[in-house]
Amino acid sequence: MSTPQLPPAHPFDDDKLREECGIFGVVGITDAANFVALGLHALQHRGQEAGGIVSHDRDQGFNSARRFGYVRDNFTSQSLMETLPGPLAIGHVRYSTTGSKGNTAIRDVQPFFGEFSLGGAAVAHNGNITNANALRRELIERGSIFQSSSDSECIINLMARSMARSIPDRMEEALRKVEGAFSVVAMTRTKLIGVRDPLGVRPLVLGQLGDGWILSSETCALDIIGADFVREIDPGEMVVISEKNGVESHFPFRQRKPRFCIFEHVYFSRPDSILGGRSVYETRRQIGVELAREAPVEADLVCPVPDSGTPAAIGYAHESGIPYGMGIIRNQYMGRTFIEPTEQIRNMGVRLKLNVNRALIKGKRVILVDDSVVRGTTSRKIKEMILDAGASEVHFRIASPPTAWPCFYGVYTPQREKLLAATMSEEEMRDHLQVDSLRFISLNGLYRAVGEAGGRNDLHPQYCDACFSGEYPVRPADMLEQGFEMKAAE
Ligand code: SF4
């Protein structure tokens, strides 16, 4: 087996950070897999490359289906869904880190399944195991066989080696050896299991529909099936849910101060989801308000870079009193462009997805509000399109601080040297993008917008913000082994 490398630049749309997975599970509802398919459809923004569902039926045992592509193109076929019977099912949508669709094997697509002496179990994981290389080496030396290149398969192999007397106990033992960020949904023949890592980096929520229970990455996927949002799974919590006993909860890990991913508020989660009791849409609007206070500029029009910049642009316009307008229109039917990753085609890709509303832009001083600047290639292209349409000035306002560090907790990030903010100051970035002004929200401003009135607690930060601050709450052991250099202590 070759040693996994730092993620290569992604050929598609690599000017954004990308959430890598969404997970969903159902117990106690007839034909659970149909509900899982709908839930995964609502979570498609968390992973578009592939998806999988495992179900269990008392007569037919475990069944699974894994497919490349969108949920709607695969898991809507009656003939396929009939192969996934039963009242218990889990599913996963995935976004690859391996560089191209052609490099990803169907065996990497989750959920993973293992047959143990105690019965079978399936596991789906959102996040990233930061000590997966060391675990994998150790497991292989002790005789384990891996079928995929995914870090998540370590969990199944650790469970297989455990001597614990129940599958939930084996999972608990396995996850105690795992470092990093993980939200997990798993299933046995009778139980649905949900776990969040002690820092609660990635989200996981509990819902209810009639007598059935649901676990989901986000609340928006509960809405699509008409389920009620019950609560978030707490950081470090494990829930074991069965038709017989309902929800049983315990906390198997050493308790730590939570460090939820702050970027979920900025970009990854859907705006119609609720995170930490707050509407994601409202938080993003508030980010725009903070941005307008921190970085005002005289202009005629505030435009979002659709779709993710929209709530922040609304907040910016409201706070500044400058009119809001849709200066850029998104082609809703584009999807992802599976085309060659040359710079030229990448630039064309922006034009295929976004078009300028010339009648609105002409002769105006325009403020463009975007969620983030990663490589800067898209920002540059958008600026050119706005100027070509006759804008007299272009000012960028960014709803997150400069992204200067890669994420190792389940989010695809280009290599550090490809991140514009890793090598340039704000002024250098402004020159590079050739815009009239460029300002990012401050880290404290972002914390205020997510509800921390006093801003960031620098001694004990309330969130994970490593991609902005370089302060990693979990040591990225595998990456350090491969030569990644952490920020020097100040
Ligand atoms: S580094 Fe932390 S804040 Fe940034 S995307 Fe990753 S988990 Fe989220």
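At 22% relative accessibility, Arg 430 counts as partly exposed, a label for anything between buried (under 20% relative accessible area) and exposed (over 50%), using a 1.4 Å probe and protein chains only. Glu 427 and Arg 430 are three residues apart in helix α15, so about one helical turn separates them. Helices (H or I, at least four residues) and strands (E, at least two) are DSSP runs, numbered from the N terminus. Elsewhere, salt bridges that share partners link Glu 290, Arg 293, Glu 294, Glu 319 and Arg 448 into one network.

The model is a predicted one, in which local features need pLDDT of at least 70 and side-chain atom pairs count only at pLDDT 80 or more, while totals for chains, interfaces and linings use all residues. Residues are numbered from 1 along each chain as its sequence is written, and side-chain values use heavy atoms, with hydrogens and water left out.

Across the whole structure, a search turns up 26 salt bridges. One of them brings the side chains of Arg 94 and Glu 49 together at 3.3 Å, N to O. Arg 94 sits in strand β5 and Glu 49 in the loop between α1 and β3, so this pair ties together parts that are 45 residues apart in sequence. Both Arg 94 and Glu 49 are buried. Another salt bridge joins Glu 232 to Arg 196, at 3.9 Å from N to O. Here Glu 232 belongs to strand β12 (residues 228-232) and Arg 196 to strand β9 (residues 191-196), so the link spans parts that are 36 residues apart in sequence. Glu 232 is partly exposed at 23% relative accessible area, whereas Arg 196, at 3%, counts as buried.

As for partners, β5 pairs with strand β2 (residues 21-27) in the antiparallel sense over seven bridges; two strands count as paired if DSSP finds at least two bridges between them. Within that pairing, Phe 24 stands opposite Gly 91. Strand β3 (residues 50-57) also runs antiparallel to β5, again joined by seven bridges, and there His 56 faces Leu 88.

Further along, six strands make up an open sheet in the order β6-β7-β8-β9-β13-β14, with antiparallel pairing. The edges belong to β6 (112-116) and β14 (246-250), each with a single partner strand, so one side of each has no neighbour in the sheet. Inside the sheet, β7 (residues 119-129) and β8 (residues 180-187) are held in antiparallel pairing by eight bridges, and His 125 has Val 184 in β8 as its bridge partner.

Gln 110 and Pro 111 are joined by a cis peptide bond, with omega about 0°, and Pro 111 lies in the loop between β5 and β6. A cis bond also runs from Pro 306 to Asp 307, with omega near -5°; Asp 307 is in the loop between β18 (301-304) and α10 (310-320). Asp 31 is not a glycine, yet has a positive phi of about 50°. This residue is found in the loop between β2 and α1 (32-42) and, at 39% relative accessibility, is partly exposed.

Finally, Gly 455 has its place in the loop between α16 (443-449) and β25 (463-464), and is buried at 5% relative accessible area. Gly 455 and Asn 444 are 11 residues apart in sequence but 4.6 Å apart in space, C-alpha to C-alpha. Leaving aside neighbours within four places in sequence, Gly 455 is in contact (heavy atoms within 4.5 Å) with Asn 444, Tyr 447, Arg 448 and Gln 462.

Key:
Salt bridge = Lys/Arg side-chain N within 4 Å of Asp/Glu carboxyl O.
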